[in-house]
Amino acid sequence: MKKVLILLLSLVALSCSLDDENNVIENYHVEILPIESAIVPESFNYGEEHEITVTYLRPNSCHAFNDFYYVKDNNERTVAIMSTVLDNNQNCLELNDEQQRTFTLEATQTENYVFKFWQGEDDSGNDTYLIIEVPVNQ
């Protein structure tokens, strides 16, 4: 993932105009994208690594995968996609194509893991989640 981020930042830096000393290199921001679905093992084996794959929609060509938003709170794990978005780019192509990314989790606890995959906000502005509980075999 670090290689992708370095490559992305290199491309941004190389594609910018430096006509003016005060000119800021092309701006970008990070946006959290919702997860459409997740593939999680039925159970984890304590002390072993397990792959978790998520599917999300890349809205347009100005969005690039940055990293996972991943927060631990006791046995809960909140997960979303962090996307780098190029600002002021008039040439963004609408995509809405499905992308998949995988991360590895080592089962370091004996309690069940509760994954909360962020799926966006409802009409009232409340966060919604796909919640999957995974037991741990010892």
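Helices (H or I, at least four residues) and strands (E, at least two) are DSSP runs, numbered from the N terminus. Welcome to a predicted model, where local features need pLDDT of at least 70, side-chain atom pairs count only at pLDDT 80 or more, and totals for chains, interfaces and linings use all residues. Residues are numbered from 1 along each chain as its sequence is written, and side-chain values use heavy atoms, with hydrogens and water left out.

View 1. Starting at the N terminus, the order of elements is α-β-β-β-β-β-β-β-β-β-β. The chain has 138 residues, and 31% of them count as buried. Here, buried means under 20% relative accessible area, exposed means over 50%, and partly exposed lies in between (1.4 Å probe, protein chains only).

**View 2. A surface patch of negative charge formed by E121, D122, D123 and D127.** Look for D123 in the loop between β8 (113-121) and β9 (127-134). Is D123 buried or exposed? D123 has a relative accessible area of 86%, so this residue is exposed. A patch of this kind takes residues with over 30% relative accessible area and no salt bridge, and joins like charges within 9 Å. A salt bridge would be a side-chain nitrogen of Lys or Arg within 4 Å of a carboxyl oxygen of Asp or Glu. Asp and Glu count as negative, and the place of the charge is taken as CG of Asp or CD of Glu.

View 3. Most residues other than glycine have a negative phi. N74 sits in the loop between β5 (63-73) and β6 (76-86), while N96 belongs to strand β7 (residues 94-106). N74 is exposed because its relative accessible area is 68%.

**View 4. S83 and the backbone of A64.** Find S83 in strand β6. With a relative accessible area of 1%, S83 is buried. What lies 3.3 Å from a polar atom of the side chain of S83? The backbone oxygen of A64 does.

**View 5. Y28 and N89, 61 residues apart in sequence.** From C-alpha to C-alpha, Y28 and N89 are 9.7 Å apart in space. Y28 is part of strand β1 (residues 28-33). Its relative accessibility is 43%, so Y28 counts as partly exposed.

Definitions and conventions:
Patch = residues over 30% accessible without salt bridge, like charges linked within 9 Å, V, L, I, M, F, W, Y side chains within 5 Å. Areas by Shrake-Rupley, 256 points an atom, 1.4 Å probe, with all protein chains shown as cover. Polar contact = N/O pair within 3.5 Å; in protein donor to acceptor, adjacent residues only side chain to side chain.
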